[in-house]
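Take the model below as a set of coordinates to be read piece by piece.

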Amino acid sequence: MSHDHVFGLRTRALHAGTPPDPSTGARAMPIYFSSSFVFDSTEHAAELFALRTYGNIYSRIGNPTVAAFEERMASLEGGLGGIATASGLSAQLTAVLSLAQAGDHIVASANLYGGTVTQFTVTLKRMGIDCTLVPGDDIDAVRAAIRPQTRALYTETIGNPAGNVSDLEAWADAAHAHGVPLIVDNTFATPVLCRPIEWGADIVVQSATKFLSGHGTVIAGIIVESGKFPWGAGRHPLLSQPSPGYHDMNFAETFGEYAFLMRARAEVMRDVGACLSPMNAWLLLQSLESLPLRMPAHVAGARIVADFLRGRDEVAWINYAELDDSPYRALARKYLPAGAGAIFTFGLRGGREAGRAFIEALELWSHLANVGDGKSLVIHPATTTHQQLDDEQLRASGVTPEMVRLSVGLEDPADLIWDLENGLRAARTAAEREALGA
Ligand SMILES: *Cc1c(COP(=O)(O)O)cnc(C)c1O
């Protein structure tokens, strides 16, 4: 689309990356179920492998249906290009391995998705990439943790499950003052509620499993890069020095602003191989069409549910940046003016037993380990993901015995509240029974 007019987010969610198919006229994106693609000639094959011409070789590195999803996500996030992966965790791994190697270091917020903390502090560490976790709200601590070997800073727009909102401009300033890029996990916000590149982020990663899919059907991830970071400045030898992994190609010299995306695809996707299936890319293209309509409905439902819970005796506290008493309200107003997402935690009076009774009494809310589905979801960490921990260990990990996490879906809010009402009644009975020592 090469005219001056800039299309809005809703239009791009429907059209970006998917012009009508030139050979068949198909208006919807075809699913290219082909592992590999025929070369025009031996010369064409050689040019493709030397990265001197663009085209399809093998679906581990690129596939037309997957490319349509990548292009649409790059458009929605306002980046130069994207790389789709098999999961959110492989998006993170691919992004980090594209700019860091053994001996290098990253600085990350401590308030990250639990799987990310393990990936960074155990798996990356085993590979020789060190990670320092710092309190996500403490920019001085972020700055103090940066070393000469630091290759990136990493945070989440909205932390999972802490619900903290990152001061993205402050993180970006800290990163750029030291010549390193900022990577932001935008899973809980999606580009509808926040576009981190507009606030200085260089790379956005996302679990497409959550709201981007929105139907609980797909595991997928996406990396989008801004194209603004100076990869050739010398801080990233993987990109600014000859790469033995690609016949001594210097990615920064050869590809300029595309250096990161080219190395991520040509070397890391090639070697790690966590590619997205064309079927899943196609499902995601369908889902993205409605993302700009779904996100405001998720937020509206979450506000109604939070207001209901706030008025109840059984509820000790609510942690949602949409509420006026949240310590993250000011940051949410700035970075998430259309709403601080639809996932939040609250505390039930009565602790672990009340939590168990609450979950068991619910009918409509699905009890499972996911977020960002059109169907409302609930989990009580103390009796599920963290059940091996005693109360003291729970508190140390930031998960309290009374904490319940909600992911508010797209049902009629009155039905969600009817169900929660039944859950709270059961929780109250359990808490009373516990207090009597029965
Ligand atoms: C779920 C999630 C991930 C991991 O994504 P997968 O698709 O499950 O691999 C990463 N970050 C956040 C914030 C998540 O919620």
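A residue is near a molecule or strand if one of its heavy atoms lies within 4 Å of it. Of the 14 residues around the ligand, G88, D185, S207, T209 and K210 come nearest. This is a predicted model, in which local features need pLDDT of at least 70, side-chain atom pairs count only at pLDDT 80 or more, and totals for chains, interfaces and linings use all residues. Residues are numbered from 1 along each chain as its sequence is written, and side-chain values use heavy atoms, with hydrogens and water left out.

Next come the polar atoms. A polar contact is a pair of N or O atoms within 3.5 Å; within protein, one must be able to donate a hydrogen and the other to accept it, and residues adjacent in sequence count only if both atoms are side-chain atoms. G88 places a backbone N or O atom 2.9 Å from an oxygen atom of the ligand. L89 also has a backbone N or O atom 2.9 Å from a ligand oxygen. T209 uses its side chain: a polar atom there lies 2.6 Å from an oxygen atom of the ligand. Taken alone, the ligand exposes 380 Å², and the protein buries 92% of that. Such areas come from the Shrake-Rupley method with a 1.4 Å probe; for residues, only the protein chains shown count as cover.

Which helix gives the most to the shell around the ligand? It is α4 (residues 88–97), with 3 residues. Helices (H or I, at least four residues) and strands (E, at least two) are DSSP runs, numbered from the N terminus.

Q119 sits in helix α5 (residues 114–126). Is Q119 buried or exposed? Q119 is buried, because its relative accessible area is 11% and buried means under 20%, exposed over 50%, partly exposed in between (1.4 Å probe, protein chains only). A polar atom of the Q119 side chain lies 2.9 Å from the backbone oxygen of L89. Leaving out residues up to four places away in sequence, Q119 touches L89, Q92, L93 and L124, where contact means heavy atoms within 4.5 Å.

Now the backbone. Most residues other than glycine have a negative phi, and most peptide bonds are trans. L51 has a positive phi, near 60°. L51 is found in the loop between α2 (42–49) and α3 (64–77), and counts as buried at 18% relative accessibility. T190 has a positive phi of about 65°. T190 belongs to helix α8 (residues 190–193), and its 1% relative accessibility makes it buried. The peptide bond from N160 to P161 is cis, with omega near 0°. P161 lies in the loop between β4 (150–156) and α7 (168–177).

Move on to helix α14 (residues 351–361). Its buried residues are G351, A354, G355, A357, F358 and I359. Their cover includes β9 (343–348), β10 (366–367), β11 (377–379), β12 (403–407) and α16 (413–435).

Finish at R270, in helix α11 (residues 259–272). R270 is partly exposed, with a relative accessible area of 25%. Apart from neighbours within four places in sequence, R270 is in contact with R60, I61, G245, Y246 and R265. R270 and L348 are 78 residues apart in sequence and 48 Å apart in space, C-alpha to C-alpha.
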